[in-house]
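Here are my notes on the model you sent over.

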Amino acid sequence: MIRVVSPTYNKSHAYALVIGFHGLGLDGNSPRKDHKWPIIEDLGKNDAIFIYPNAANGSWNPYPGSIDFAMFDAIVNSM
């Protein structure tokens with residue numbers, strides 16, 4: 001999992017949480033490497049935290065009870 005946080009991060013400031021999901025067979029690096037996420041990060045760098053997780057089995061299973069669903073909840077809760 002990749003986490004991108006503003007260099008001026010302040011724990012008393014509220015930040016938006018942006019989670020970038022990769023495509024089938026890819027990993028958490030692909031949104032930043034193969035798409036335009038670094039541009040979006042630059043635009044929101046002072047107001048957002050960006051997370052790029054890896055799907056447990058290479059593809060996302062977004063249904064309740066799945067490991068990916070639980071991981072999403074854990075990411076949101078920990079941030």
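1. Start with S30. Beyond its neighbours within four places in sequence, S30 is in contact with H22, G23 and H35, where contact means heavy atoms within 4.5 Å. S30 belongs to helix 1, residues 30-33. Helices here are DSSP runs of H or I with at least four residues, strands are E runs of at least two, and both are numbered from the N terminus. S30 counts as buried because its relative accessibility is 1%; the scale is buried under 20% relative accessible area, exposed over 50% and partly exposed in between, with a 1.4 Å probe and protein chains only.

2. Before going on, a word on the ground rules. This is a predicted model, with local features needing pLDDT of at least 70 and side-chain atom pairs counting only at pLDDT 80 or more, while totals for chains, interfaces and linings use all residues. Residues are numbered from 1 along each chain as its sequence is written, and side-chain values use heavy atoms, with hydrogens and water left out.

3. Now the overall layout. The protein chain has 3 helices and 3 strands, and along the sequence they follow the pattern β-β-α-α-β-α. The C-alpha trace spans about 35 × 30 × 15 Å along its principal axes. Of the contacts between residues at least 6 apart in sequence, 65% join residues at least 24 apart.

4. What about burial and charge? Buried residues make up 27% of the 79 residues in the chain. The chain has 6 positive and 7 negative side chains, and the centres of the two sets lie 7 Å apart. For that count, Lys and Arg are positive and Asp and Glu negative, with His and the chain ends not counted; each charge is placed at NZ of Lys, CZ of Arg, CG of Asp or CD of Glu.

5. Which residues make up the largest nonpolar core? They are Y15, I19, I49, I51 and I75, 5 residues in all. Such a core is a set of buried Ala, Val, Leu, Ile, Met, Phe, Trp, Tyr and Cys residues joined through side-chain atoms within 4.5 Å. Leaving out neighbours within four places in sequence, Y15 is in contact with T8, Y9, N10, N46, D47, A48 and I49.

6. On to the rings. The structure holds 4 aromatic pairs. The ring centres of W37 and Y52 are 5.6 Å apart and their planes are at 85°, so this pair is edge-to-face. It links distant parts of the chain, with W37 in helix 2 (residues 37-44) and Y52 in strand 3 (residues 48-52), 15 residues apart. Rings of Phe, Tyr and Trp (its six-membered ring) pair if their centres lie within 6.5 Å, with planes under 30 degrees apart called stacked, over 60 edge-to-face and the rest tilted. Y52 is buried, with a relative accessible area of 0%. Ring pairs also link F21, W60 and F72 into a cluster.

7. M1 sits in the segment before strand 1 (2-4) and counts as exposed at 62% relative accessibility. M1 and P53 are 52 residues apart in sequence and 4.2 Å apart in space, C-alpha to C-alpha. Beyond neighbours within four places in sequence, M1 is in contact with I51, Y52, P53, N54 and I75.

8. Last, V76. V76 is found in helix 3, residues 67-78, and counts as partly exposed because its relative accessibility is 37%. Setting aside neighbours within four places in sequence, V76 is in contact with L17 and I19.
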